[in-house]
Amino acid sequence: MKAGVLALQGDVEEHIQAFRKAAQELGRSVEVVQVKRPQDLREIAVLAIPGGESTTIGALARRTGLLDALRDAIKGGLPTLGTCAGAIFLAKEVRDSVVGETKQPILGLMDIAVVRNAFGRQRESFEVDLREEGIGALKAVFIRAPAFTKAWGSARLAAPLKHPELGQIYAAAFQGHMVATAFHPELSTTAVHRYMLNLAKT
Amino acid sequence: MIGEVYAHLEKIRDFFYGLAEVRDRLRESGVTWPKPLPEAEVGTVRVKIGLPAMLRRGVIMDVTSVEQAQIAEEAGAVGVMVLDKLPYDVRKAGGVARMADVKVIEEVMSHITIPVSAKVRIGHYYEAVILQEIGVDLIDESEVLTPVDEQHHINKWAFAVPFVNGCRELCEALRRISEGASMIRSKGEAGTGNVSEAVKHFKALYGAIEELSAALRTGDEERIRDYARRCQAPIELAALTARLGRLPVVTFAAGGIATPADAALMMWLGADGIFVGSGIFKSQDPRERAEAIVLAAAYWDDPEKVVEAQRMVSEKSAMMGIDVKTLKPEELLQTRGV
């Protein structure tokens, strides 16, 4: 089986490592490939969209025709994990906590609303112990992280956090074959990548 | 007389013990210092090396104003570096180069969504305190500014904000990491539009790492120990670098990158990403050039895309370069702070 990591910009190597380790732990043989061109999507059974700068990833994907190809593949049922920038890329509604509405290119596939840089700047980045249903306890690393504030349709929010200003917010979201996390599981655990490999039953 | 001094010291000591007791009592009763979330830890090593990891395969651009920062963001930069003057102009102007205006940095932070970095002088602890206080995302302890401490760099472990430091070879990089740098970049020769020195620094860096890795493979621990001793760096750090075959922190290329081909070359030499200084806003076509360099850095392993990037710019519009060989030793920036 092949797992893909969108490799335009961001912590691609960390996701490749997380997929490799997760496969090892599950005793499955998984080849991890980088996705940079539309044809790279053809053979993969699961995809991770890494953390990074969502504006950069969006601009590059639009320029190289990957934006539409990705949208089609994920709509078609490709199990997809979006972490941080990847989650922003998947969401339908994106706002920035400083500049408000952004016009950045996104996939717009998950029925969730995301606030970019919700916790503040890098100085306010943090790690915390989280418990996520279906995934278990994990150490979650938030880097200039977004937060999920709303879900509709078949999307479901998880991993609640009390925010001093935003009130009740969420650090994870699930919708069918799509998973979004505001934190970076690839920096601290293989739990979420194991969950994704299990979603990709081929 | 001596007795009086002791009495004073004892009073001060009692006062501090008193404070510690108050603190412990407050902690027991559940009062804690304000944190963004219950149980959350800020400024951890994982959080500090996490930000540079997110910048991988990206381009950080030097800017001096909000307008330039917005052009950089629209072009797809993963971050901006706010300076008072671009390195090319620092070179021309001479005098003491210092941290940028706090007002300009704050204005840039309130207008763009990507991370904002700024430079401090080598060893200038207090410029770094100021940048952390106003909320800069990444601090560059930079030889482009005039160093204030010829002997020491800042103790970066003391800060919650990650630091990036320059290096010309492996020893310098290991020393900076042991001082707490979360990210390393080549020094190159800033403001020249000539990438030759950055190439030299990357080859020196990876050449030394390859030698250490070879020593590790053959079980020659002595060589790694000797190397670390010569470098005045911890042996554990040298051994880890040998095992990884690369620096244990994200490593960007910087210094003289002016064209998409320059960016692709540095990625090919092993860079995790690119800093572009004067190369963009000292050219005649900053918008196109910024976009082209972003494309070339992301697709460096796809020559077709690098050709496309190179077509987006014209050599006639590139910044006027300076041959490093024509610079006098005292004009070199890379020799500052070792």
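Modeller: The conversation below covers the chain contact, the salt bridges and some strands.

Colleague: What conventions apply here?

Modeller: This is a predicted model, in which local features need pLDDT of at least 70 and side-chain atom pairs count only at pLDDT 80 or more, while totals for chains, interfaces and linings use all residues. Residues are numbered from 1 along each chain as its sequence is written, chains are lettered from A and ligands numbered from 1 in the order in which they are written, and side-chain values use heavy atoms, with hydrogens and water left out.

Colleague: Which residue of chain A pairs with Arg56(B)?

Modeller: Arg56(B) forms a salt bridge with Glu14(A), and the closest N and O atoms are 3.2 Å apart. This pair crosses between chains, from the loop between helix H2 (45–54) and E2 of chain B to helix H1 of chain A. Helices (H or I, at least four residues) and strands (E, at least two) are DSSP runs, numbered from the N terminus.

Colleague: Are Arg56(B) and Glu14(A) buried or exposed?

Modeller: Arg56(B) is buried, with a relative accessible area of 8%, and Glu14(A) is buried at 17%. Buried means under 20% relative accessible area, exposed over 50%, and partly exposed in between (1.4 Å probe, protein chains only).

Colleague: What about the pair Lys200(B) and Glu197(B)?

Modeller: Their side chains meet in a salt bridge (3.4 Å, N to O). Lys200(B) and Glu197(B) are separated by about one helical turn because they are three residues apart in helix H8 (residues 196–217) of chain B. Glu197(B) is buried, with a relative accessible area of 9%. Elsewhere, salt bridges that share partners join Glu13(A), Glu14(A), Arg56(B) and Arg57(B) into one network.

Colleague: Changing topic, how many residues of strand E7 of chain A are buried?

Modeller: Seven of the seven residues of E7(A) (residues 110–116) are buried. Met110(A), Ile112(A), Val114(A) and Arg116(A) point one way, and Asp111(A), Ala113(A) and Val115(A) the other way.

Colleague: Which strands join E7(A)?

Modeller: Strand E5 (residues 91–96) of chain A runs parallel to E7(A), joined by five bridges, and Glu93(A) has Ala113(A) as its bridge partner. Strand E10 (residues 147–151) of chain A pairs with E7(A) in the antiparallel sense over four bridges, with Phe148(A) the bridge partner of Val114(A). Two strands pair if DSSP finds at least two bridges between them.

Colleague: Which strand of chain B pairs with E8(A)?

Modeller: E8(A) pairs with strand E1 (residues 41–42) of chain B in the antiparallel sense, over two bridges. Glu127(A) stands opposite Glu41(B) there.

Methods. Salt bridge = Lys/Arg side-chain N within 4 Å of Asp/Glu carboxyl O.
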